[in-house]
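Hi everyone, thanks for coming. Please have a look at the sequence and the structure, and then I'll walk you through what I found.

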Amino acid sequence: FSLLSVVFLLSIISILWIYSNKLPDYKYLKNYKPPVSSKLYSGDGILVSDFSAEKRIFIPYDSIPDTIINAFLSAEDKNFFKHPGVDAKGIIRAFKNNAFNLLNSKRLEGASTITQQVAKNFLLNNEVSIDRKIKEAILAFRIERALSKERILELYLNQIYLGEGSYGIASASLRYFDKSINELNYSEAALLAALPKAPSKYNPYKNIKLAKYRRNLVIKNLYDNSYIDEK
């Protein structure tokens, strides 16, 4: 048993060493600012044109309301402020659930934390492979050591694609509700938080039934996590 443990430990160390030497630089995230649009106004203040590859309005963490933060944590990563980048409990839970899902031909669920999603969105790609997941996990640990939780969440909420050409929570709030994020109630914030999983699938303009179903799951999670009461 001890020999197997040593071999297993050495294998893990070897894998980490090999991957550590070919990872992208994550330190630029400290000062990274997502690209935002350039707007052209007429002399009387009317918006004439909006020049941008991605529709985005950057919102600093301190200006993001709790309704948004709590909704996204409940939808994507309820243990975000507790884990070191990778959520071991989430991985175990996903492993157990996926064993059932495989037997019943259901969709497999992931266990990526918000930090892992930041690593993927900024530094990697969407390739579905073990290779990418290993890189993602290592980068997540490194990002957590280099950045505060608040900075990681700020990057995530301003970068994610939420459908309808909208990147980040502020742009999506205007697109779906014609409101600033400070005006959103929990039901509306829950809909935005439902979108990262599959922006096209849960787009309320395309499938209101599925959008409401996913939104209601987020609201249930908000209740289970004690962010809202039964009323």
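Let me start at a single spot: just after α7, D178 takes a positive phi of about 55°. When I say helix or strand, I mean DSSP runs, H or I over at least four residues for helices and E over at least two for strands, numbered from the N terminus.

Before going further, a word on what we are looking at. This is a predicted model, where local features need pLDDT of at least 70 and side-chain atom pairs count only at pLDDT 80 or more, while totals for chains, interfaces and linings use all residues. Residues are numbered from 1 along each chain as its sequence is written, and side-chain values use heavy atoms, with hydrogens and water left out.

Now the overview. The protein chain has nine helices and two strands, and along the sequence they come in the pattern α-β-β-α-α-α-α-α-α-α-α. There are 231 residues, and 41% of them count as buried. Buried means under 20% relative accessible area, exposed means over 50%, and partly exposed is in between, with a 1.4 Å probe and protein chains only.

Back to α7. Which residues of α7 are buried? They are I169, A170, S171, A172, S173 and Y176. These buried residues pack against α2, α6 and α8. For contacts, the cut-off is heavy atoms within 4.5 Å.

Next comes α8, which is mostly covered, with seven of its nine residues buried. Those are E188, A189, A190, L191, L192, A193 and A194. Their cover includes α2, α7 and α9.

In the loop between α8 and α9 sits L195. Is L195 buried or exposed? It is buried, because its relative accessible area is 0%. Leaving out residues up to four places away in sequence, L195 touches L162, Y176, Y202, N203 and P204.

Let's turn to α2 and α6. Their axes are 12 Å apart and the packing angle is about 85°; axes are lines fitted to C-alpha atoms, for helices over the stretch in contact, and angles run from 0 to 180 degrees between N-to-C directions. So α2 and α6 are roughly perpendicular to each other, a label used for 65 to 115 degrees, with under 35 being roughly parallel, over 145 roughly antiparallel and the rest oblique. On the α2 side we have I68, I69, F72, L73 and E76, and they meet L153, Y156 and L157 of α6.

Also in α6 is E154. E154 counts as buried because its relative accessibility is 9%. Apart from residues up to four places away in sequence, E154 touches F58, I59, P60 and Y61.

Finally, the core. The largest nonpolar core has 46 residues, and L29, I68, F72, I143 and L153 have the most contacts inside it. A nonpolar core here is a set of buried Ala, Val, Leu, Ile, Met, Phe, Trp, Tyr and Cys residues joined through side-chain atoms within 4.5 Å. Which helix gives the most to this core? That is α2, with six residues. Do look at F72: beyond its neighbours within four places in sequence, F72 is in contact with D77, Y156, L157, I160, I169, L192, A193 and P196.

That's my tour, and I'm happy to take questions.
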